[in-house]
Structure formats: structure tokens, C-alpha cells
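Work through the exercises below with the sequence and the 3D view at hand. Try each task before reading its solution.

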Amino acid sequence: MNTGDVPMTNKEFLKLWIGLTQSRLGTLINLVALSLYIYKRTQSGFAVGKLEIATALPSVLVGLFAGIVVDRFNKKWVMITSDMLRAVLFLILGFVTNIPYIYVTIFFASLVSLFFTPAYFASFPLIVNKERLMEANSLSEMSQQMVRIIGPGLAGIMFLKFGFKFICIFNSATFIISAIIILFINIPKTSNEKKKWGNFKAPLMDVIEGLKYVRNNRLTVSIVSIYGAIQLGAGAIVVLMVMFVKDALHGSDALYGLIISATATGSLFGAFSTWFRGKLDEEKVTKFSLLVMGFSILCVSLGSNVFVALLFFAIVGISQTILSISIDTLLQKHVPNEVMGRTFASMDILTQVCQLISMGVGGILSDIIGVRMVYILGSLIILLTGVGAFKFLSLPGGSLPVVAQTEPEIAETSDI
């Protein structure tokens, strides 16, 4: 196992990071181009919105199954298989002309991605020194934010110059490159990968055992609850941002673009700062970043000055990125490898469900009480979540009240 002191000198991590970064760029370019393509074909915002549903639905339906596959099988081959399947699906996407079939293709591409993401994060503790996990997560987040900054512009240029079909072929190639890179990574097996499923009941037993662990471990139940609560507040804030800029800030399309850029730049700075600082107290960072995020959104909600809004949106970007990095690091450090995939999958499912609820309720409330009040309510939910984190979030052995904690009880399914 290669656990170099610094992630960027750790050859195994570096290969994984490079493979994912270039495939992330290809995917973002492809999805932005797909939105442009769908709108050009249909002239319907609702038709574009269906892409969000097609992307989010797989997580709700089969997210837990993805988690048990990650825990049960070799993570390296789960990622390689996921990359190759996505390469095929996005290649097919370039030749699909029927709009409903496009939604189906994106649905299956998103479904396959559910297996890659938890396998990717669950691999970190196996190839990176425990004390360097925050740096590794920061570098991963930095690549994502850099892609967010440069990807949309590249997508627009490539769509105009080369067309949608070329972009799909390009994205397909990035997944093939990622699979080839991962092929040469040494990711140690966990003890759970050696066990075999005896019959059709075994996967269900794995799901139940994973849910038991997440529910009964005080750290995981706190983090999953916190993440879900954040999404209840943030989902509406994200989806109503255009409306907020227009109605509350009385801004133009240019201001909306500037806010997106300010948030992305703040996110990149947040990732860079945690990487630069290296070792931090993840528990304290999680609590304080929650409060900063909620307070910043509240300031945006109550004000009307454009420059103040840009400043606080940048702070939101910083705090939400630091929060994500610290939570991922907490889980990687303190959750056993045997249930890591199911833990990340559980968090992802709750995130998607709470986001969808927040988007739906927020859209309805914005017509009743106005978008500014929806933003205020969202910020208060995040602030209250931060206050709750100070009471309920603590590491094993901490002084706060303990939820019944058990070790993971992975079923011996080979004898069933």
C-alpha cells in the first residue's frame, strides 16, 4: 500500500486523482452541452429540467445497492467497470435522437455513477495515510471546482465548434482513459471483499447490516442527519437562485453569472485552504463552517447590495466546500472500510431526497411568501443545523451524549 506523506507524491492517489479530474471535465462539458442540445431541440425549460430528475432518480432507487457492491467487491474493479459502462452510454448518447431515449440513457449513466463515487471515496483510506486524508479530499475538491469554473465555457465553445455528437465521443474517451489509469493503481482489498454472496438473500442482509451501522453509530447518524438537514435548507436556495437575482436583487443575467463564478471561486479557495493547512480538527471545522454558511446566506437574504451579495456568495462557496471536505474526512477516518461504501451511499440517498423535497417546497413557497423569505428560511435551517451540530456531533470517546454505538455486523453470507 502506497501511503506517501503528501497525497501529491503518493503515486496511487495521484493516478486516481488525474483519472477522475479529466473524466469530470468531460462529463461536465457533456452535461452542459446536453442541456443546450435539449433546449435547442425543444425550446422548453421543463424539458431541460427533466434531466435533473433523470440524474437524481437512480440514487433514490438503487443507492443502497450501490453501497453494498462497493463494500463487497474490489473497489478498483468497481471503478473500472463503472468507467467502461459510462464510456459506452455516453457514446450511445451522441447517436440518440429521440428525446425520451436521451432521458433513459442519462438515467442509466447516473445509475452507473452511483457505483463509482462511493468506491472512489472509500479507496482513500486504503491508499492515503490517515493523517493526510483531509489533504487528499481537498485536492479532490479542488479538481471538481476547477472543472466547474472552466467546464461551462469550454462546453459552449465545443458545442458551437464541433457539435453535440463530438462532445459525447470526447467524454466517452475520458472514461476509457480513467479506466486505463485506474487499472494500474494498487488498491488493497478489505476483509469484506473476500466473502461471497451465498444466495439472493445475502445482498438484502448486507443492506440491513449497513443501515444498522449507520443508524446505531453516533458519528454516522449525526453526520447523515446534518447532511440531510443542510440539503433541506440549501436545495431551494440553489434552484431559486435565478429568481432571487431577478426579484430580490433586481439584477441581470450577467449578475447571475457573476454569482455563480463567485461561489465557484470561493469553493476553489476553500479547497485550497484546507489542502494548504493540511491537518485540521474536522469536528470543529464541520461545526463552524455550518454556522458561517448559514450566516452568509442569511446576510445575502436580508440585503440588496450587489457587491455585498457577491462577497457573501463567495463565503458560502468557501464554507460549503470546507464542510464537504471535513465531513468526508471524518467518515473516512472513523468508519470501518467494510461499511464505507454503504455509509457514503446512505448519505447520498438522503441528500438527493432532501434536495428534491426542498426544491419542490421552495418552489411552492416562493409563489406564496416570496423568494426572499424562502432564502431566509433556508438560511435559518442551516444555522439551526450548525447549532445542533455543537450538541450532537462528536467523535467516539467524546463527552457528548452517546447514541447506541455498535461495530458493523457484516453477515457471514457464504454459509447461507
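Angles under 35 degrees count as roughly parallel, over 145 as roughly antiparallel, 65 to 115 as roughly perpendicular, and the rest as oblique. The model is predicted: local features need pLDDT of at least 70, side-chain atom pairs count only at pLDDT 80 or more, and totals for chains, interfaces and linings use all residues. Residues are numbered from 1 along each chain as its sequence is written, and side-chain values use heavy atoms, without hydrogens and water.

**Exercise 1.** Classify the packing of H3 and helix H4 (residues 99–127).

Solution. Start with the axes, which are lines fitted to C-alpha atoms over the stretch in contact, with angles from 0 to 180 degrees between N-to-C directions. The axes of H3 and H4 come within 9 Å and cross at roughly 155°. H3 and H4 are therefore roughly antiparallel to each other. Next, sort the contact residues by class (Ala, Val, Leu, Ile, Met, Phe, Trp, Tyr, Cys and Pro are nonpolar; Asp, Glu, Lys and Arg are charged; the others, Gly among them, are polar). The contact of H3 with H4 has 17 nonpolar, four polar and three charged residues.

**Exercise 2.** Describe the aromatic pair of Tyr 37 and Phe 164.

Solution. Rings of Phe, Tyr and Trp (its six-membered ring) pair if their centres lie within 6.5 Å; planes under 30 degrees apart are stacked, over 60 edge-to-face, and the rest tilted. The whole structure has twelve aromatic pairs. Tyr 37 and Phe 164 are stacked, at 4.5 Å centre to centre and 5° between the planes. Tyr 37 lies in helix H1 (residues 11–42) and Phe 164 in H6, so the pair ties together parts 127 residues apart in sequence.

**Exercise 3.** Are Phe 90 and Phe 175 buried or exposed?

Solution. Buried means under 20% relative accessible area, exposed over 50%, and partly exposed in between (1.4 Å probe, protein chains only). Phe 90 has 5%, so Phe 90 is buried. Phe 175 has 1%, so Phe 175 is buried.

How values were computed:
Helix = DSSP H or I, 4+ residues; strand = E, 2+ residues; numbered from the N terminus.
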